[in-house]
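Please find below my note on the model under review. It is arranged as numbered points for reading beside the structure.

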Amino acid sequence: MDFNLLLTKVSILQQSIVLVDTVKQVVHTEFSVSRFIEEALNHVIEANASDIHFEPSAIELKIRYRKDGILVDLFSVPIGLANKVLAHLKSLAHLNVAENRKPQDGRMTLEIGGKPLNFRVSTIPVQFGESLVLRILDPCSMHFELKDLGLNDQLIEMIRKIARKPHGIFIVTGPTGSGKTTTLYSLLKDIYSPKKKYLTVEDPVEYLIPGVSQVSINNAIGLTFARVLRAFLRHDPDMIMVGEIRDLETAQIAVQASLTGHLVLTTLHTNSAASAVTRLIDLGLPPCLIASSLQGVLAQRLIRIFCEGCKGKGCAECKNTGFLGRTGIFELMPISHPLRHLISQNAPLSFIDTQAQADGMIKLADSGLRLVELGKASLKELNGIL
């Protein structure tokens, strides 16, 4: 057996033994439950996970974590301990421990491995109790530059050119978990100037950016994206970031802001850069307003890349998966004069996409194929995210 593989299996076994021993000690005390959660979180933090899932079934509470976009089984505890574990997490997040019939959202800060980490907490009622997910919000993981995201120098300069415009809308689009928020934060840091006013409205604020005023929406008290955006327009901003455009009202105010001398950065959930236009039209925005305000769209995905140490064969560093980390693939569509004309005429999606490619846009698939050709990613991985 390969020595590195043996070391990996021994390490995993040792970690499992620690968790097993901790579970055996989880009896009736809050301290023991707290210790078990700390051990589990320590494990997933060391694995560089992004989310932790607590999923009850009829017989057990399964704990899994997401690493590089893939869910990995960590451990299961007897169903009799599930309520203790979930109640403790809900208490830490200041959620209503007695409420298990409605979804709840909260936040908490814990010291893990000697440093404070923020977690976003979400619960939903399921057949055998409550499912709870922790999103790990590590400020250290946000020390990204645009070049660290997988963008090449040419794309970075094109994005900067759009972001330097005094007004207009720049959209980052893609499915959930494709890195849109990370891209916007990195862009904000890249263009930041102490001589300008930056405002963000998010659901919720995930990472704090020095020098930027950030607002978390709170639907329970009527603090919606639209309401905060209206207030922003009276707050003399230079640039506004909207976490996501979800409805016509938010879209209308974002367009109004962009047409009155503000740069607006935001996200959408669409499959391609060109389809962001049709999504805005579907929301109810007039094509002429979209054509007047839109400056560019960046579509993106995250793809797992081969471990540099073993080139995909599996080793101790990548825990025998063959993959270590993810990078972005991108599709940038700056809005040219021909594109503005097509958008204003409500042209079909295929026409917009064809014109964007004629303007020089490289499609997501082609961006991914370049990584495959360079031996950094697999075709199977690429097909799985497109």
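1. Basis. The model is predicted, and local features need pLDDT of at least 70, side-chain atom pairs count only at pLDDT 80 or more, while totals for chains, interfaces and linings use all residues. Residues are numbered from 1 along each chain as its sequence is written, and side-chain values use heavy atoms, with hydrogens and water left out.

2. Antiparallel sheet. An open sheet is formed by 6 strands in the order β3-β2-β1-β6-β5-β4, with antiparallel pairing. Its edges are β3 (70–78) and β4 (104–112), each of which pairs on one side only. From one strand to the next the twist averages 20°. Strands (E, at least two residues) and helices (H or I, at least four) are DSSP runs, numbered from the N terminus, and two strands pair if DSSP finds at least two bridges between them.

3. Details of that sheet. Strand β2 (residues 60–67) is joined to β3 by 8 bridges, and the two run antiparallel. Within this pair, Y65 stands opposite V72 in β3. Helix α3 (residues 79–92) packs on the sheet and touches β1 (51–56), β2, β3, β4, β5 (115–126) and β6 (129–137); contact means heavy atoms within 4.5 Å. The direction of α3 makes about 45° with that of β6. Axes are lines fitted to C-alpha atoms, for helices over the stretch in contact, and angles run from 0 to 180 degrees between N-to-C directions.

4. Strand β7 (residues 168–173) runs parallel to strand β11 (residues 263–268), and 6 bridges join them; G168 stands opposite L263 in β11.

5. Helix pair. How do α10 and α11 run relative to each other? Helix α10 (residues 337–344) packs with helix α11 (residues 349–358) at an angle of about 175°, their axes being 10 Å apart. The two are therefore roughly antiparallel, a term for angles over 145 degrees. On the α10 side the contact is made by P338, L339, L342 and I343, and on the α11 side by F351, I352, Q355 and A356.

6. Residue A356. This residue of helix α11 is buried, at 2% relative accessibility; buried means under 20% relative accessible area, with a 1.4 Å probe and protein chains only. Leaving aside neighbours within four places in sequence, A356 is in contact with M333, L339 and M361. The C-alpha atoms of A356 and P334 are 7.9 Å apart, although 22 residues separate them along the chain.

7. Cores. The largest nonpolar core has 47 residues, and L294, M333 and I352 have the most contacts inside it. Another core, of 32 residues, lies apart from it and includes F54, F75, L86 and L132. A nonpolar core is a set of buried Ala, Val, Leu, Ile, Met, Phe, Trp, Tyr and Cys residues joined through side-chain atoms within 4.5 Å.

8. Residue S367. S367 lies in helix α12 (residues 364–373). Its relative accessible area is 17%, so S367 is buried. Residues up to four places away in sequence not being counted, S367 touches I329, F330 and I362.

Notes. Buried means under 20% relative accessible area, exposed over 50%, partly exposed in between (1.4 Å probe, protein chains only). Angles under 35 degrees count as roughly parallel, over 145 as roughly antiparallel, 65 to 115 as roughly perpendicular and the rest as oblique.
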